[in-house]
Amino acid sequence: MGKKPKQLWKLYEYDYEKGTIKLKNKRCPRCGSIMAFHKHPRPRWMCGGCAYTDYVS
Ligand SMILES: [Zn+2]
């Protein structure tokens, strides 16, 4: 399974190796950049623009 089924993931991109989800409609409250979900080491949303981090409780 080397390929990513991008056509099935229109609203978000999933990185299997990193366990990261980029949701296209989840935006940073600070700078408006698209945020990515990281599973490790702790579940959190992180902004790629300003490094704003929102931990999932
Ligand atoms: Zn940001």
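Guide: Start with Thr20. Set aside its neighbours within four places in sequence. Thr20 is then in contact with Asp15, Ala36, Phe37 and His38. Keep in mind that this is a predicted model. Thr20 sits in strand β2, which covers residues 20–27. Take Phe37 from that contact list. Thr20 and Phe37 are 17 residues apart in sequence, yet their C-alpha atoms are 5.3 Å apart in space.

Buried would take 20 or more, and exposed 12 or fewer.

Now step back to Gly19. Gly19 lies in the loop between β1 (12–15) and β2. Gly19 counts as exposed, because it has 12 C-beta neighbours inside 10 Å. Phe37 turns up here again. Gly19 and Phe37 are 18 residues apart in sequence and 8.2 Å apart from C-alpha to C-alpha. Which residues does Gly19 contact, leaving aside its neighbours within four places in sequence? They are Lys39 and His40.

Most peptide bonds are trans. The peptide bond from His40 to Pro41, however, is cis, with omega near -5°. Pro41 lies in the loop between β3 (34–38) and β4 (44–47). A hairpin joins these two strands, β3 and β4, through five residues.

How do β3 and β4 run? They run antiparallel, and four bridges join them. Two of the pairs can be named. Ala36 has Met46 as its bridge partner in β4. Met35 has Cys47 as its partner in β4. Ala36 also belongs to the Thr20 story, as one of the contacts of Thr20.

Go back to β2 and look further along. Asn25 is found in this strand too. Asn25 is exposed, because 8 other C-beta atoms lie within 10 Å. Asn25 and Met35 are 10 residues apart in sequence and 8.5 Å apart in space, C-alpha to C-alpha.

Past the end of that strand comes Cys28. Cys28 lies in the loop between β2 and β3. Cys28 counts as partly exposed, because it has 19 C-beta neighbours inside 10 Å. The cut-off for buried is 20 or more. What does Cys28 contact, leaving aside neighbours within four places in sequence? The contacts are Ser33, Met35, Cys47, Gly49, Cys50 and Tyr52. Notice Met35 and Cys47 in that list. They are the bridge partners named above. Tyr52 is 24 residues from Cys28 in sequence, and 7.3 Å from Cys28 in space, C-alpha to C-alpha. Across the protein, residues 24 or more positions apart account for 2% of the contacts with a separation of 6 or more.

Follow the chain on from β4. Three bridges join β4 to β5, and these strands run antiparallel. Met46 has Thr53 as its bridge partner in β5. β4 and β5 form a hairpin with five residues between them.

Most residues other than glycine have a negative phi. Ala51 is not a glycine, yet its phi is positive, near 70°. Ala51 is found in the loop between β4 and β5 (53–55). Ala51 is exposed, because 11 other C-beta atoms lie within 10 Å.

Now put this part into the whole. The protein has zero helices and five strands. Read along the sequence, the pattern is β-β-β-β-β. How much of the protein is buried? Buried residues make up 4% of its 57 residues.

How confident is the prediction? The mean pLDDT is 82, and 81% of the residues reach 70 or more. Confidence is lowest in β2, at a mean of 78, and highest in β5, at 94. β2 is the strand that holds Thr20, where this tour began. Where pLDDT is low, the predicted coordinates should not be read in detail.

Technical notes. Residues are numbered from 1 along each chain as its sequence is written. This is a predicted model: local features need pLDDT of at least 70, side-chain atom pairs count only at pLDDT 80 or more; totals for chains, interfaces and linings use all residues. Two residues are in contact if their C-beta atoms, placed from the backbone, lie within 7 Å. Two strands pair if DSSP finds at least two bridges between them. pLDDT is the predictor's confidence in each residue, from 0 to 100.
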